[in-house]
Amino acid sequence: MTDTTKTPPELEQLLADLKPDNADLLAVLHRIQDAYGYVPPQAIPLLAEKLHTTPAMIYGAISFYSEIRREPPARTTISWCSGPACRLKGSENMRRALEAVLGIGLEESTDDKAVGLHLVQCDGTCALAPLVRLDGHPKGPLTVSEAIRLARELKGKEGQP
Amino acid sequence: MMTYRELRQQAEQTWQAVESPPRPRIAVGVTTCSRAVGADETLEAIRQEVSRRGLDADVAVTGCWGLCYAEPMVEIAKPDGSRILYQQVTAERVPQLIEEALASPDGVCQELALGAVSPQPVDGVRPLSSLDFMAVQEERRLMNNCGVIEPESIDHYIARGGYEGLSKALNMPQEDVLWEVSDAGAGLWGRGGAAFPTARKWEFLRDAKSEPKYMIGNADEGDPGSFVNRTLMESDPHGIIEGMIIGAYATGASYGYIYIREEYPLCVERMELALRQARERGLLGESILGSGFSYDMEIVRGAGSYVCGEETGLISSVEDARGMPKIRPPFPAQSGVFAKPTNVNNVETYANVPLILRHGAEWYSSVGTDDNTGTKMFSLSGHIQRVGVLEVPFGTPVRRLVYGAAGGPPEGRSLKAIQPGGPLGGILHADNVDLALEPEPFREKGALLGSGGLVIIDDSACIVDMCRYFEWFAEDESCGRCSTCRGGTQRMVEILRRIANGDGRPSDIDLLRLLADAMRYANCAHGQAAPTAVMNSIEAFLDEYQEHIEGKRCPAKVCHGLIRYEITGKSYGLPEAAAICPTAAIVQQDDDYAIDQALCIKCGACRELAPAAVHVVDAFATSD
């Protein structure tokens, strides 16, 4: 999914039809992220030029949104739902257990970039609370022990070269 | 270009095949909720099973009835007119369903049957309308198509009266359209939370001098626990689009945006398709239905920011900037998107508009209360037996939703609190369960009815912990522009954290009150409403705060700074509990197990596996 070797000319193609004052930025950020897995820093000056603004303004916008990544994601992302229905059903316990097993906090990845932990907001699949999304696929309701087994399995699988 | 009458005739032919199917029709509800429990796999399994058996049957994709607890749901309609909904049809259950329901003409899979789409029982299956979750919904208006039509078919929408309201509106003077929606007519007000009269907002836009004018649909539904907009967009996307076109006609807007949050990819997909279909039929674009009125719109997909649901934050976000709320005035009607006149309404507000135009203001205001006409959608989640989305007239008591529809808290638990309107909407004591669902009674209690999320909380929850969550959310999602909100939410989180950790001070209650008072001066609704839950709860649940502060005890044993896990007694589950512990805190000595408190992170995994031996106790318990 993530290819950091792509060069700006290909990036430029993704930005070809970008116009200022046309509500284009979010759409193009999604497009770049779909292609690269994140928004590479080389994109910032190009976006600024196309949208007739400064790189600082573009960086400001990018860093504002929690779903736009400025670094490549881990190979597997566990998205932990922070919503109230999950909270009521023990999601905090689950978060502490996931962090302990993986040795990382939210918005971090293991050193080998195998597994990442990401905080997501409620998307209303509350019948499954408490849940996590594994690369976007909901898994729930999960007990804390099930979450621990899941994290151990992901960590163990990736540990093998 | 076709006239509306021609469009309708064409659509009715398509719909005929659904109403009176020439062969069995198997429809799978595919939405975010049902996908989460495997609806895609169910759909695929049905296709395979139908082809494997060589059945002469149609397979279709429908939307959601709002019964999240029963997903994945499958409807089987037969040429004899029977229509039965089946619940929890996972892919593994598909062969059984098909075998029992379709092997004979009058077959029914009793084990999975949920309800019959008819007023009377069919083949021993009770009518859907008799289910507790459906029975409280006297009249489904906004949700009339939800679960019934194929959301990816514009013909289904049109055949059931869709775009008739638009066709009528285009033949009326703008003034009359505004009247229909206004307080003198239907009395529609905004469903996003502020409850501002819709027609008055539209008049501001109409009267604005500058061009072009923009119409924006707010589908940034960021309140955790709210999923009513999602249900509408996924199950009946055209209702929103039609409402926005009518609004544009009444105000002279020429372009529009629907702002959909990042978390709703299926909504984006279905709304995009719906816009394309509307454009193909001449319902969007140049001279809509030959009227000479032109309007078009597009979707903007958010990227994970709660304050973008605030209208000026949303406008900033559409303008390619950080989604930070702006200072008003100027109001969006004067200077909104790209400094042009702009109107922002919640998408549920727009979905009401076609119904008003089609059936008239009198019909619209025939349900609800004197002050609040019509119906409202609510999403129910938390400590209840049935999670889902429903629609009730304003004025319906909360009790009917909590106990009637949702089945109340789980067995052995009792209702403790109700959390309306998202994290900023407040928290109400269970004593308020008879409150009428309309803005005024909630406002009197210092809470907000908000956009339709209702989170039900039972006595297993800690109010301090929940408030800590709400404040954390407000802090995390603060845009940071005004220090009142940025600093205020931070301080609140700090104070609640220390209370939850056993370091609370007796002066903290007054400190929280002082902060909440100051935060009323925040720049936008986010900061102003951020302390709502804390303020509600230090009145209604003061004893619980005091127990945390003075007694250093969390009565619900949730706040992990105030509890300790201990092993007393024996259990065959203990070896497994020791193995699951993520910090290896359970140490074995001969046959005995103990928890090393220095290592324990209080995640509770061990207790799940050895409930008889692992106990949660007060960390600062006194022995007397």
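Q: How many cavities of 30 Å³ or more does the structure hold?

A: Rolling a probe the size of a water molecule over the atoms shows where empty space is left. This structure, a predicted model, holds 7 cavities of 30 Å³ or more. The largest cavity has a volume of about 170 Å³.

Q: Which residues lie nearest the centre of the largest cavity?

A: Its lining comprises 18 residues. Nearest the centre are Arg141(B), Asn145(B), Tyr157(B), Asp236(B) and Leu355(B).

Q: Which helix gives the most to the lining of the largest cavity?

A: Helix α14(B) gives the most, with 4 residues. Both α11 and α14 (347-359) of chain B supply at least two residues each.

Q: What can be read from the length and surroundings of α11(B)?

A: Begin with the geometry of a helix: an α-helix has 3.6 residues a turn, so residues three or four places apart point the same way. Helix α11 of chain B covers residues 237-251, which is 15 residues. From its first C-alpha to its last it reaches 22 Å, close to the 21 Å expected at 1.5 Å a residue.

Q: Which residue follows α11(B), and what is its phi?

A: Gly252(B) follows the helix, and its phi is positive, near 85 degrees.

Q: How far apart are Arg206(B) and Ala248(B), in sequence and in space?

A: The two are 42 residues apart in sequence. In space their C-alpha atoms are 9.2 Å apart. Arg206(B) lies in helix α9 of chain B. With 24% relative accessibility, Arg206(B) counts as partly exposed.

Q: What is the volume of the second largest pocket, and which elements supply its lining?

A: The volume is about 1,300 Å³. The second largest pocket is lined by 47 residues, and those nearest its centre are Gly192(B), Gly193(B), Ala194(B), Gly309(B) and Ala525(B). In chain B, α9 (198-207), β9 (342-346), α17 (439-444) and α21 (525-529) each supply at least two residues of the lining. Strand β9(B) gives the most, with 5 residues.

Q: How many salt bridges does the structure hold, and which pair joins two chains?

A: Side chains of opposite charge can pair when their charged atoms come close. Over all chains the structure holds 48 salt bridges. One of them is formed by Arg87(A) and Asp465(B), with the closest N and O atoms 2.8 Å apart. Arg87(A) sits in helix α5 (residues 84-88) of chain A and Asp465(B) in helix α18 (residues 463-477) of chain B, so this pair joins two chains.

Q: Are Arg87(A) and Asp465(B) buried or exposed, and what network holds them?

A: Both residues are buried. A network of salt bridges links Arg87(A), Glu92(A), Arg95(A), Glu99(A) and Asp465(B).

Q: Which salt bridges link distant parts of chain B?

A: Two cases can be taken in turn. Arg8(B) forms a salt bridge with Glu164(B), the closest N and O atoms lying 2.8 Å apart. Arg8(B) is in helix α1 (residues 4-19) and Glu164(B) in helix α7 (residues 164-170) of chain B, 156 residues apart. Glu164(B) has 22% relative accessibility and counts as partly exposed.

In the other case, Arg53(B) forms a salt bridge with Glu99(B), and the closest N and O atoms are 2.9 Å apart. Arg53(B) lies in the loop between α3 (39-52) and β2 (58-62), Glu99(B) in helix α4 (residues 94-102), and 46 residues separate them. Arg53(B) is partly exposed, with a relative accessible area of 33%, and Glu99(B) is partly exposed at 40% relative accessibility.

Q: Which residues form the covered face of strand β15 of chain B?

A: The covered face of β15 (residues 563-567) is Ile563(B), Tyr565(B) and Ile567(B), while Arg564(B) and Glu566(B) form the uncovered one. This strand pairs with β18 (residues 614-618) of chain B in the antiparallel sense, over 5 bridges. Within β18(B), Val616(B) is the bridge partner of Tyr565(B).

Q: Where do the domains of chain A lie?

A: The domain assignment gives domain 1 (8-64) and domain 2 (76-159). Taken over C-alpha atoms, the centres of these two domains of chain A are separated by 30 Å.

Key. Residues are numbered from 1 along each chain as its sequence is written. Chains are lettered from A and ligands numbered from 1 in the order in which they are written. This is a predicted model: local features need pLDDT of at least 70, side-chain atom pairs count only at pLDDT 80 or more; totals for chains, interfaces and linings use all residues. Side-chain values use heavy atoms; hydrogens and water are left out. A salt bridge is a side-chain nitrogen of Lys or Arg within 4 Å of a carboxyl oxygen of Asp or Glu. Buried means under 20% relative accessible area, exposed over 50%, partly exposed in between (1.4 Å probe, protein chains only). Two strands pair if DSSP finds at least two bridges between them. Domain bounds come from an automatic or database domain assignment. The expected span of a helix is 1.5 Å times one less than its number of residues. On a 1 Å grid over the protein atoms alone, a cavity is a set of points where a 1.4 Å probe fits but cannot get out, and a pocket is an open set with protein on both sides within 12 Å along at least five of seven lines; lining residues have an atom within 4 Å of a point. Grid points are joined across faces, edges and corners, and a volume is the space filled by probe spheres set on the points.
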